[in-house]
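Please look at the sequence and the structure while I talk.

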Amino acid sequence: MKDPGPSVKAGPSGGSPAGRRLLVGIRDLSYSYGETSRPALNRVCADIYRGEHTAILGANGSGKSTLLNCINGLCRPPPGTVSVYGPGGETYDSSRSDHLDKIRRMVGTVLQNPDDQIVSTAVEADTAFGPENMDLSPQEIRLRVDRALAAAGLEALRNRPSRFLSGGERQRLAVAGVLAMEGEALFLDEALSMLDPFARESFLSLACTLAGSGKTVVQVTHSLEEAFRCSRCLVLDRGVLVFDGKPQDLLRLPGLEDWGFTLNEAAKTIRMITGKYPGVQITSFDPAETAAAIRTVKPAFAAGRSRSVSASPSVPSIAPRTVLPGAGEAVSFDGVFHHYLAGTAFAPAGLDGVSLCVPEGSSVALIGKSGSGKTTLLKHINALLLPSRGTVRVFEEDTLDKKTSLRSLRLRAALAVQHPESALFETWAADDAAYGPRNAGLRGGELVARVRDAMNEAGLPYDEYGERESRALSGGEKRRLALAGVLAMDSRMLLLDEPSASLDGKNRERVFALIGERRRRGKTVIVSTHSMEAASSFDLVAVMDGGRIAAFGPPRSVFGPEWKADWGLLLPWTVRVARELDADGTAVPLTAEELAAFIEGNAGAAAVPSGAEPGIARRGGRPAPETGSGNAAIAAALADAVPSSAGSSGKRRKTGTEFFKNMTFGQFLDRPSALRRLGAGKKLLLLLLLSFMGTAGPHPLFPLSVLVLALAAGAVFGSVEPKHLLRGFIPAFPYLLFLALLQTLFGWAGDTSAVIFSLGPVTVTKDELLRSCFLVCQLGALMTLLSLYIAVTPLRETLAALDRALFPLSRAGIPVRDISVILGIALRFVPVLTGEAERIVTAQLSRGGKGGLRSAPGMIIPLFLRALERSETLAKAMALRLYH
């Protein structure tokens, strides 16, 4: 089917770009979900040309993702409204099932959450998944995989299990999987929303490089800064296309905020400069380009020349709010270490000797790269985690002390967990928001009033959202519901883990306004964030790097003299511009107004006072006293000694999440050993043989012998310590004993062995006890054997061995590859479901839930629903990569 694709008229932007050929034509597209009153898209007309780098912007729920999904066929548009043009002029309609394969070969889509689209268990295997579905030769698949991994910067990680990648690495893997299909276009659906600043910058550079090489790149984003990297912007507002043009023109529009945008300090600065100096052209958010434009109108900022500035009391400042003298400690860490699954492969960083004090009533922003320890630190404050060494005190209570009620502590230090949208566990929205206050004892009208106020504050009006199903809410609405659940607790301390991630500008502004309101009420607020701009408005900033506190002090100090480039972070945009203008100066402007004053020559209030450089005292890692400023009270409190843990009545070892922390079962240890070098097929045969020996014998000594043999073989030939193999078995041990108890209490017919114990109708015989011991030993031996096999064999080698073993069956028409793919997904789903269960339990405990077996019934239904959601999303991701 032929069509003169390039001759189709351009959309609202008018005129086709010179020399560009049309890739996607959208004509009068409207789309609705079910019976909703407002369409998700309303009569949208636009064109996307080959080689363009386009941003699609808009508020949460404006229709951005729906537009992408109408192009790739995940949403079926009305016939004739969306056309994708092949390189030879062929026309494909996104509404037709028989055209979707061709469309998805040309248009690759990267979803917002990489965990929803990573199919295989290792980097190389996942990258090859799409090409394998395109019926390419093995040689061509290898070449494409090599090129994609090189482009995504993952060559050194090609053999790493996907579950051990960082957030940024997983996002790059999702891109590599699409790049390996070598389509003409790359669609990114908010793919940068969960990345730290450095990873985001690296990812944006990759997208720009791909666009520069001729690939069509379309980015869905909330960020004007990301949009400025593109050559064109499309803006959607409640399903209507309201702007189609250059990003520089978008920034000049006076009604930009009406479309759900809020201007960050960079956008405000550029708007002020271009408004005051009409001849100045700033085409990107690059600080160097902005500084160069400023020099054209302010020659005093000659490149490489320092200049002094006079103080001006009129310059606005974000000095930390004064803490009253005598304020107690809300949080203190004294030499705290925490190790996650020590000794396992790719073990994530925990805490490494953290010491700090947070005065009650102050606000702290935690910043750092992904995996630096921010979430771990917050979970220690909420007592979801306990220190491996050292002491954590919250409101002067030692979390390790058995006398400390963790449930009471969590009700006073409420935590909104990371990825809260996956941790909503009540059916109705109002019930989820009421979970914490109900645990605190609120009932009746007082409970309803508390929930109503919290939901209204979070932008989810109680009367409209209270009786909606939690899982039916949009991603942004779920995040706001999770925030409402924490606000409703009205706790003394508020702990928020990335509360603004994936939110549009208006809702992000709402979140930080709510935080500001709690600060004004005297609450202690600790927030982890990737936004340096947001962090600069807090009383204190703590920089985390590799599990350590690298710096801790007021924002103007941390972003000024204390700053280190090797933290892998980016300074606030305004500070970067000031450094470009005056590399040797001391100005640390934290707002657009301060930067404007600095440019005009009045930067005194934005500078760190000489002789009063607050920072970190190397002894104990605590901030040194700051003198000569309004922060003296904070500094004095910070300098106080952390109370010792001596005298505690007994050390606690459990918090309610031990089952998930001890799950070494299923962990591959990449250590050189004889068992690691042995072929996967031979190890499978040994596994089957020893399993048979452990289960076929008539006496418990048989499985016990196999268990001991597995532990010895692991230690001698596999470099796997017995404690690693047994650690995964220990969490399941109570359940095995429960099964054994059931078998003991209910006798078998024909049992004539001697009675060992009798109590009323219950009797325990010798054979019943022997069978129970036999069952426990059998299951323990099987779990230990399987744990050893997995510890010394990567899953990709196991699947390859199964492929070879099953290959003869393919000649009989049996779909061997499908069986292998399904097995790989099933095995990958075990840690996925474990992670989902952990999020639900964590969310319950963090809001005062009782935990343990009492919480199990409340977890089953949400876990089942989350499994269905993850399965559905994974099926869509596989379809986008041509798996049928």
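Predicted model: local features only at pLDDT ≥ 70, side-chain atom pairs only at ≥ 80, totals over all residues.

By contact I mean heavy atoms within 4.5 Å. With that in place, residues 24 or more positions apart account for 69% of the contacts in the protein that have a separation of 6 or more. Residues are numbered from 1 along each chain as its sequence is written, and side-chain values use heavy atoms, with hydrogens and water left out.

The overall figures come next. Of the 884 residues of the protein, 54% count as buried, where buried means under 20% relative accessible area, exposed means over 50%, and partly exposed lies in between, with a 1.4 Å probe and protein chains only. The accessible surface comes to about 36800 Å², with 58% of it belonging to carbon and sulfur atoms; these areas come from the Shrake-Rupley method with a 1.4 Å probe, and for residues only the protein chains shown count as cover. The secondary structure comes to 32 helices and 22 strands, taken as DSSP runs numbered from the N terminus, with H or I over at least four residues for helices and E over at least two for strands.

Let me turn to strand 17, residues 493-497, in which five of the five residues are buried. Met493, Leu495 and Asp497 point one way from this strand, whereas Leu494 and Leu496 point the other way. On one side of the pairing list, four bridges join strand 17 to strand 16 (residues 413-416), and the two run parallel; two strands pair if DSSP finds at least two bridges between them. Within that pairing, Leu496 is the bridge partner of Ala416. Five bridges join strand 17 to strand 18 (residues 524-528), again running parallel, and there Met493 stands opposite Thr524. Strand 17, helix 17 (residues 505-520) and strand 18 make a right-handed β-α-β unit, right-handed meaning that, with the strands pointing away from the viewer, the path from the first strand over the helix to the second runs clockwise.

Which residue forms a salt bridge with Arg518? The partner is Glu457, with the closest N and O atoms 2.9 Å apart, a salt bridge being a side-chain nitrogen of Lys or Arg within 4 Å of a carboxyl oxygen of Asp or Glu. This pair links distant parts of the chain, since Arg518 lies in helix 17 and Glu457 in helix 14 (residues 444-457), 61 residues apart. Arg518 counts as buried at 5% relative accessibility, whereas Glu457 is partly exposed at 26%. The side chains of Glu457 and Arg521 also meet in a salt bridge, at 4.0 Å from N to O. Salt bridges that share partners join Glu457, Glu517, Arg518, Arg520 and Arg521 into one network.

Finally, consider His222, in the loop between strand 8 (216-220) and helix 7 (224-227). His222 is buried, with a relative accessible area of 12%. The side chain of His222 makes a polar contact with the side chain of Asn60 at 3.3 Å, where a polar contact is a pair of N or O atoms within 3.5 Å; within protein, one must be able to donate a hydrogen and the other to accept it, and residues adjacent in sequence count only if both atoms are side-chain atoms.
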